[in-house]
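I opened this structure to look up a few places in it. My entries follow in the order I made them.

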Amino acid sequence: MRTLRFVLGDQLDRRVAALQDLAPGDVVLGAEVRAEATYVRHHKQKIAFLFSAMRHFFAEIEADGALVDYRRLGRHETFAEALEAAVREHRPDLVVVTEPGEWRVLADMRGWEARVGVPVEIRDDDRFFADHSDFARFAEGRRELRMETFYRDMRRSTGTLMDEDGNPVGERWNYDHDNRKALPKDVVMPRRPRYEADAITREVIGLVEAEFGDHFGTLDAFNWPVTRADALAALDEFLAACLPRFGDFQDAMAVGEPQLFHSLLSPLMNCGLLRPREVVARAEAAWRDGAAPLNAVEGFIRQILGWREFIRGVYWLKMPDYRETNTLAARRPLPQFYWDGETDMRCMAETIRATRDNAYAHHIQRLMVTGNFALLAGIRPAEIEEWYLIVYADAYDWVELPNVHGMATFADGGLFASKPYAASGAYIDRMSDYCRHCAYDVKAKTGDEACPFNYLYWNFLIEHRERLSQNRRIGMIYKSLERMPEERRRAIVASARRFLEEVAPMEREGAVPGLARSPVRTDPLGSHGGECGGRVVPAAGAPARR
Ligand code: FAD
Ligand code: DLZ
Ligand code: SF4
């Protein structure tokens, strides 16, 4: 029996399900297709990274004896077209694929068998620790999904960082409290290795400039590992140079230092060049060998065994409806500065410019700077989600969507976040040196000089008082709001409105219609301090997101 095995650009692992029983005579198909680079207009570095990683991967397995059919950009527009052409050429009895990371692709994939006229076997993606049924079992009967509970189950079931008696090593599950240090002035940053672009990468960079030159981002600082060997070297480098201090400064931010002690491994794990299991095992071994402290190792492993797995579980449990909610009735367009970084807010400018230059920002920048701003400003979910999917080299729907729709913007109404991650300028000031280098005054609460995060934060609480004041975890803040003089509240609302109308005017020409419209309010504070939406369904005629 002759099998055609189709491997997608984020499945670049020799052990991926579709390749597990590769036999002599089978053909392995890979295809660069325009539709994948343009269904959202991905950052140039993301396209170059994946095309180069794909070309290296297929060349390597071919060199090791596999029969490879690799189709470069220009031959086919879509996955289905590429497969159809390959089936015509190779006449297989069976097509084998690994389940994709995006619902959109899975829906398409389910139609391939009818289209190509050959059975198409879609295999589970076993690169993750938990499969869909594990997560469904975890979620069963739970009203709220909490990462911490899931993570402890994962620690137990995998035996990761557990002692012989079945207890967490160090007798604690969680070292988050130790992991919130601001960066000391004299800290020495790790030197990041350079991955010299070889002929394949240089060719791909030229191709991306020529074909996708008007996409967001620059290629000048391209420095991603694109082979398995370099990805393993990047892991070694991280474990030795960054992991020991990863925990302490996990939440810190600093001007001109977009990477700090973070691993930069997410694009590599998400596309298959690194295996999450090996990353977790190596990190645990670093602790057992005394090479890194437990707060760092637990903090790092929690991100992969906990958050990464949990986020994927939420995605597949809740799709395809998940993205349709707009619980806080967010309805402003995305400000232009998300694309050009042209803003006096230093925290936003730093994060967005680093994103443009590196297709990377670390978690706290994504969550507490650009995500926090989108939450406070009420940016339409579809627009902010698309931005995140475009700009990061590690972005795929399965991981981007729950992080943005659930964690950063609370658009899902708190399916897994117990409260919105809303913060004023004080948080950013505590965790960074951005405010010291900013045109705005982080101590001022209202007026033109004041930090916009301050009045946007209180304005957000005022607008959503009805819903959020019921939340145990932020109830105390509403006590402060109640004590606030009426005049002060009005000044906050006025500052917020003025600012938002300037950076994200509601009726901006050419704006994409929002998914939802909240009821019109006449009194900003109202008898309940403003409305908040319940679950809002897309307005009729609203365009499909992508
Ligand atoms: P490190 O800080 O070194 O963390 C180690 C690893 O943990 C990461 O490589 C990643 O695999 C995993 N991880 C950590 N947090 C998360 C999380 N919340 N969800 C899933 N995995 C996590 N991650 C993506 O991989 N793709 C995305 O598109 C993406 N979009 C995000 C959008 C928002 C609004 C937020 C708040 C987070 C998003 N994340 C996303 C999660 C996280 O920010 C990135 O995984 C991390 O910044 C990648 O950098 P790193 O490899 O240096 O991570
Ligand atoms: C992101 C991406 C891009 C830009 N291009 C391709 C491509 O040409 N060929 C391919 O196989 N994969 C590509 N990808 C990754 C896919 O978008 C990804 O495989 C799907 O979203 C499923 O997760
Ligand atoms: Fe950001 Fe406000 Fe600080 Fe400026 S003052 S960097 S806008 S938090």
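I listed the contacts of His362 (heavy atoms within 4.5 Å): leaving aside neighbours within four places in sequence, they are Ala252, Met253, Pro258, Leu260 and His262. The model is predicted, so I kept its limits in mind: local features need pLDDT of at least 70, side-chain atom pairs count only at pLDDT 80 or more, and totals for chains, interfaces and linings use all residues. Residues are numbered from 1 along each chain as its sequence is written, chains are lettered from A and ligands numbered from 1 in the order written, and side-chain values use heavy atoms, without hydrogens and water.

I placed His362 in the loop between H15 and helix H16 (363-377); helices here are DSSP runs of H or I, at least four residues, numbered from the N terminus. His362 has a relative accessible area of 1% and is buried (under 20%, 1.4 Å probe, protein chains only). I found its side chain reaching the backbone oxygen of Ala252 at 3.1 Å.

Next I checked the shell of ligand 3 (a heavy atom within 4 Å). Among its residues are Met345, Arg346, Cys347, Gly425 and Tyr434. Helix H15 (346-358) and helix H19 (425-431) are the elements giving two or more residues to this shell. By class I noted nine nonpolar, one polar and one charged residues, with Cys and Tyr counted as nonpolar, Arg as charged and Gly as polar.

Last, I looked at helix H6 (residues 132-139), where Phe135, Phe138 and Ala139 are buried. They lie on the same side of H6, because they cover an arc of only 95° around the axis, taken from the directions from the helix axis to the C-beta atoms. Their cover includes helix H7 (147-158) and helix H13 (294-318).

How values were computed
Buried < 20%, exposed > 50% of the residue type's maximum accessible area, 1.4 Å probe, protein only. Polar contact = N/O pair within 3.5 Å; in protein donor to acceptor, adjacent residues only side chain to side chain.
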